[in-house]
Amino acid sequence: MKRFIIPLLVGVMVAILIFAGCAPAPTEPTTPTEPTTPTEPTAPVAGGEAALPASGSYLENPFGGLAIKPDGTPYYFAYEFIFLYNPYMAFAAGIWEDYMHKAGAEYTLHDANLDVAAEIAMLEDLVVAKPDGVLVHPVDGWAAAPMVDKLTEAGIPVFNFCVECPTDSVVGYYEANNFEMGQAMGEWVANYFEDKGVPGHVFECQGLIKTFIAMNRHDGFVAGIEGSTVSMEPGPDCEWADEKCSNAVIDAFPAHPEYNCVYCHGGMVNGAIEGLRTVDRLYPVGDPEHVLSVSVDANDQTCRLIREGWSSAVTSHDPWPEVDMSIKAMFNHVILGKSVPKKVILASPVYFYDEVVADWERGLPLIWGNIMLKEIPYDDLPVLDMSDYIETPTAAMK
Amino acid sequence: MAENVGPPSTSGRAQKIVKRLLGHENAVLVIILIALIAVLSGLTKGKSVTGTNVMNVLLQASGRGVASVGQAFVILTGGIDLSVGGIALMAMILAASMMTGTTAFPAGPIAVMLLVGASIGSFTGTAVSRIGMPALIVTLAVWKIMEGASFLVCHGYTIAELPPSVSFIGSGRVGGVPVPVIIFIVVLVVAYFILYHTTFGRSVYAVGGNPVSAWLSGVKTKNILFGVYVICGFMAALAGLILLGRMACASMAAGVGLELDSIAAVVIGGVSLMGGRGTIIGVLIGVMIMGVVNNGMNIIGIHPAFQSIVKGLIIFAAVAIDYLRRR
């Protein structure tokens, strides 16, 4: 036995070295390319099969050559975030990598894995790594704030999105408000039941409750249904997991036949739908017996379920515009020395069948779950035109 | 030909010293640590060995280190404590809720949080030592209880606006040395004294090595088992205090993974999961190895997925080595 285990261990160690050697970060700077002008709008693409239109809202790579210093070395930026193994974060990381490639920048990714202690350690390590700028999407903004101050004191500008770090050190903060998302969903549900003329009884699949995002979404929903005929019963912490959400619905609905709506804090509506199917309460949108299933976070599964007519509606922040704005602010501030908006709250509309399908057919990828469904490679995505909020930096501005 | 019977040559003496050093498990760990530091120094172009970074590593290691010392006591008896993160979380949330809005040094809340840690440890210890329940399940249950109880106190929201003196515990310095590092050193010294210079410490090893023999030799095994869980609970709360000071707030996302980190550090430090074998110096080295590897990978910018793989493989290797040594 011993004879086999030692070679196995040696093999494992060799594998570590190979993996470490293959690790993509810090990346080699890409060859700088000449900046290009935005393309002219073209006709929308019908059907939208893995194709993106240049509808005027998107720019071909405006960043070419932007992140290269006069001495030919690349700028180096770091991105620290909550948790990689989640569609929203994975999408945000994909956009980050794509934009960094487009600009020719060197970059690193830092995953806190839902751990505040790991998060502050990573930010502390970045003081030593000395990137030219840091983008933070913290597990807990309050907890990360002292380290953001430390980075700023070390001369490293910090940008922030999605979860706010309550410190003046942050150069720019861009988000869609979680309370407002919950509130928008609550109001939509209240209007739905008012139109239908029946009282709404909502079962809530909470989570991840250890992040205060969930509590903001809960409080927002409560505010949204206030004064209406809708009542809500808080359910368990489903931890963003479909399976736990499904189990919660399977447990709750047979015991409470009056429930006619499920509200999921995160993109786990797939679990709610499966739960409803299990307890024979799944009816398509438009059926008189339809149990509303609404959620926050329009990931690919949610968009699919809305397209198929099972899930009713979703409200969402979108990692693409949020990361887009953050990176543009970073480039403007660090490379071009320009001032940037201190705080921008982006809209978070309620999407239902008409919007999700229309977006799909027009090829407009503003709902990130649609892009994931189309499996468009990040490298093929253009840069958003967010000029209502922030100027798009180009190498010509240097 | 006449046999050489004179004093050993210099090279022979050196060989003996090297052999003796390599025979000592902590020396091997030290060599691994030094090699890691050297390799990472090269890969980070010297950034990892600057004074600032060394201080960062020590700061980051302190909270985990304190929890690992507590975990080591439990593992030395052949047990395991998965409630460390939950206890740290509960202690933090409870203390922070008592401190918020005040300005005075929060001696009372700190005393309460440490007492709460020890009390929860005594609950676990009672279940394991008196009732004979499996430690794995009991501590898993306690972890979940603590998580839920913490939520009831803070309702998922971060508790901030703590007195400035709390930040001093996490980031203040005494004589240039960060306070968490001082706390960690004191904990190590006390743990070293307890394990090697008290009857209780020797009994911990005896219970871990062979509980039946220890009992037959007159060791009060139930009291020893009870004691190690109380120590572990206390240390978890102390680790929570360091974390509270570092963040200047208490968050539901704090303490996540502390149990696994502490177990990993203890095992990497050469403490046997079967109990009865290991040293406090080994735990210190294990904590430092984890700290140095995490820090180095962050500075180099290794992709998070590869970081996870590397950490997993290190733990796998440590457990495999322990298993092989046992055979």
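Reply: Two residues are in contact if their C-beta atoms, placed from the backbone, lie within 7 Å. The model is predicted, so local features need pLDDT of at least 70 and side-chain atom pairs pLDDT 80 or more, while totals for chains, interfaces and linings use all residues. Residues are numbered from 1 along each chain as its sequence is written, and chains are lettered from A and ligands numbered from 1 in the order in which they are written.

Me: How many residues of chain B are in contact with chain A?

Reply: By that definition, 40 residues of chain B are in contact with 39 residues of chain A. The largest share of this side of chain B, nine residues, comes from helix 14; helices are DSSP runs of H or I with at least four residues, and strands are runs of E with at least two, numbered from the N terminus.

Me: Why is helix 4 of chain B called oblique to helix 12 of chain B?

Reply: The axes of helix 4 (residues 84-99) and helix 12 (residues 258-268) of chain B cross at roughly 130 degrees and come within 6 Å. Angles under 35 degrees count as roughly parallel, over 145 as roughly antiparallel, 65 to 115 as roughly perpendicular and the rest as oblique. Helix 4 of chain B is therefore oblique to helix 12 of chain B.

Me: What makes helix 6 of chain A largely enclosed?

Reply: A residue is buried if 20 or more other C-beta atoms lie within 10 Å of its own, exposed if 12 or fewer, and partly exposed in between. Of the 14 residues of helix 6 of chain A, 11 are buried, so the helix is largely enclosed by the rest of the structure. Among the buried residues are Phe212(A) and Ile225(A), and the covering elements include helix 5 (178-196) and strand 7 (201-206) of chain A.

Conventions:
Axes are lines fitted to C-alpha atoms, for helices over the stretch in contact, and angles run from 0 to 180 degrees between N-to-C directions.
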